[in-house]
Amino acid sequence: MSHQPAVATKMSREMDKPLISLHLVDSDTSLAKVPDEAPKVGILGSGDFARSLATRLVSSGFKVVVGSRNPKRTAGLFPSAAQVTFQEEAVSSPEIIFVAVFREHYSSLCSLSDQLTGKILVDVSNPTEQEHLQHRESNAEYLASLFPTCTVVKAFNVISAWTLQAGPRDGNRQVPICSDQSEAKRAVSEMAIAMGFMPVDMGSLASAREMEAMPLRLLPAWKVPTLLALGLFICFYAYNFVRDVLQPYVQESKNKFFKLPVSVVNTTLPCVAYVLLSLVYLPGVLAATLQLRRGTKYHRFPDWLDHWLQHRKQIGLLSFFCAALHALYSFCLPLRRSHRYDLVNLAVKQVLANKSHLWVEEEVWRMEIYLSLGVLALGTLSLLAVTSLPSIANSLNWREFSFVQSSLGFVALVLSTLHTLTYGWTRAFEESRYKFYLPPTFTLTLLVPCVVILAKALFLLPCISRRLARIRRGWERDGAIKFMLPTDNALAEKTSHV
Ligand code: NAP
């Protein structure tokens, strides 16, 4: 343990070196000799993770010694600069040793206890979902209980062997690290930096369980929004099926089942995209209404509203996804055989009716306007989607981000509403459009967005907007915090929104 600060200082000097220096690399997979003065790191295990780790460590300027139960068999798989030997020999000199073996094999390392005394063991392991539920203590805590004379650091478990091999990229540079010993944590953090990663201090070894759960998560923030989008898709698809396929079949004996793969999907997607977009802005409206009613911002929102507010980004991205699919499907509509037959049949009808020129001015204008509005809405939505990417969002300040997500997002909702209205035109008032007495689908989709737009318009009224701005700056109706806003209206506009 007494060597740890020395190791840390030595490593920090090594950090100045480039990640992959040319003189170290002798080919794609094997690496040439590392200078003698380079810090030495041990790895127990010779599997996928150990191989990738050894490659990255060598290319980052570390001396690597790998401990295997069968070094002869595995030596050829490692970079030539790494020394592959028996476990006992590998752990004798390095101060930091990575344990790249599975939890169930930790106990087989107990014979090395004496050589490992006072050393830092880095636990990189990940449990399976079943193991995670089965064991109350984390793998790292279990390792620490087997080797009480060592300092255990949990690190690198969220990095895959592939990422280690390929090198860190923007999206997966973060390496959470935890340990009960801060010196040991610092030494491993400096090593992570030298390898091109960004260490994130997770605190004591008790956090290891939380870190081990990280790679087990499967897009947790997307579960509810995806289920919501799927639910909406199923409902609208069933509704459109009844109106566009079942009704002609039952009442007019017309077989329109060919519409199921493209046409019905294409009428369903914009409904889902549009309703999802309105659901991005509805929780903000509900939150503002609650704040106005309570006369304070210091009461917690109900849990469901809190969750809804947190999932707005995912709901917005799913809305963009459906809108983009709708645009693609719309491009494909004229390619369908059924469309060509319809055109030819219409032309024949025209000839038989002795009509030479088919041109309905109103229809032409309606189509031009509704297509243009649709393209504008999709363009604005694309901007929202792009700015929600972390690398772009990080380059914007709070006001810019809020302008794009709040103001431009609302513009996208208004454009989508105009697109829907010009698509529907007078159809809502034509009796023939009510198939099985069911109103046209677009009229249903207008419900939530219109509520949101109306509410947002109401919030713009000076008496309401000033009150809301005061509440959001800490004013309370019944509380002690009471003050007047400066008369400058611009200040009220700059107040952040929920
Ligand atoms: P692996 O390819 O199966 O390698 C495991 C190694 O453990 C074997 O090569 C073996 O090396 C060694 N070992 C030591 N004692 C053993 C014993 N008694 N029985 C069997 N093997 C023993 O697994 P891996 O993918 O490298 O994963 C190793 C650790 O890294 C695991 O804890 C895993 O959760 C963690 N991890 C892996 C990844 C990844 O992407 N693969 C990512 C993050 C974390 P010798 O035969 O040379 O002794």
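This is a predicted model: local features need pLDDT of at least 70, side-chain atom pairs count only at pLDDT 80 or more; totals for chains, interfaces and linings use all residues.
**Exercise 1.** Determine how helix α18 is oriented relative to helix α20, and which residues join them.

*Solution.* 
1. Locate the helices: α18 covers residues 398–424, and α20 covers residues 447–459.
2. Take the geometry. The angle between the two is about 130 degrees, and their axes are 11 Å apart.
3. Classify the angle. Angles over 145 degrees count as roughly antiparallel and those from 65 to 115 as roughly perpendicular; α18 and α20 are therefore oblique to each other.
4. List the contact. On the α18 side stand F410, L413, V414 and T417, which meet P449, V452, I453 and K456 of α20.
5. Sort these residues by class: the contact of α18 with α20 has six nonpolar residues, one polar and one charged.

**Exercise 2.** Describe the packing of helix α12 against α20.

*Solution.* 
1. Helix α12 spans residues 263–294, and its axis lies 9 Å from that of α20, at an angle of about 40 degrees.
2. Angles under 35 degrees count as roughly parallel. At about 40 degrees, α12 and α20 are therefore oblique to each other.
3. The crossing of this pair, α12 and α20, is left-handed.
4. From α12, the contact includes Y274, S278, L279 and Y281, among others. From α20, the residues are V448, P449, V452, A455, K456 and F459.
5. By class, 12 residues in the contact of α12 with α20 are nonpolar, two are polar and one is charged.

**Exercise 3.** State the handedness of the crossing of α11 and α14, and the residues that make the contact.

*Solution.* 
1. Helix α11 (residues 223–252) packs on helix α14 (residues 312–332) at about 40 degrees, with axes 9 Å apart.
2. That angle makes α11 oblique to α14.
3. The α11 and α14 crossing is right-handed.
4. P225, T226, L228 and A229 of α11 make the contact with Q314, I315 and L318 of α14.
5. In the contact of α11 with α14, five residues are nonpolar, two are polar and none is charged.

**Exercise 4.** How many residues surround the ligand, and which are the closest?

*Solution.* 
1. The ligand is surrounded by 20 residues.
2. The closest are S46, F49, S68, R69 and N126.
3. Now consider polar atoms. A polar backbone atom of G47 is 3.1 Å from a ligand oxygen atom.
4. For A161, a polar backbone atom is 2.9 Å from an oxygen atom of the ligand.
5. For H105, a polar side-chain atom lies 3.4 Å from a nitrogen atom of the ligand.

Note on methods. Residues are numbered from 1 along each chain as its sequence is written. Side-chain values use heavy atoms; hydrogens and water are left out. Axes are lines fitted to C-alpha atoms, for helices over the stretch in contact, and angles run from 0 to 180 degrees between N-to-C directions. Helices (H or I, at least four residues) and strands (E, at least two) are DSSP runs, numbered from the N terminus. Contact means heavy atoms within 4.5 Å. Ala, Val, Leu, Ile, Met, Phe, Trp, Tyr, Cys and Pro count as nonpolar, Asp, Glu, Lys and Arg as charged, and the others, Gly among them, as polar. A residue is near a molecule or strand if one of its heavy atoms lies within 4 Å of it. A polar contact is a pair of N or O atoms within 3.5 Å; within protein, one must be able to donate a hydrogen and the other to accept it, and residues adjacent in sequence count only if both atoms are side-chain atoms. A crossing is left-handed if the near helix is turned anticlockwise from the far one by less than a right angle, and right-handed if clockwise.
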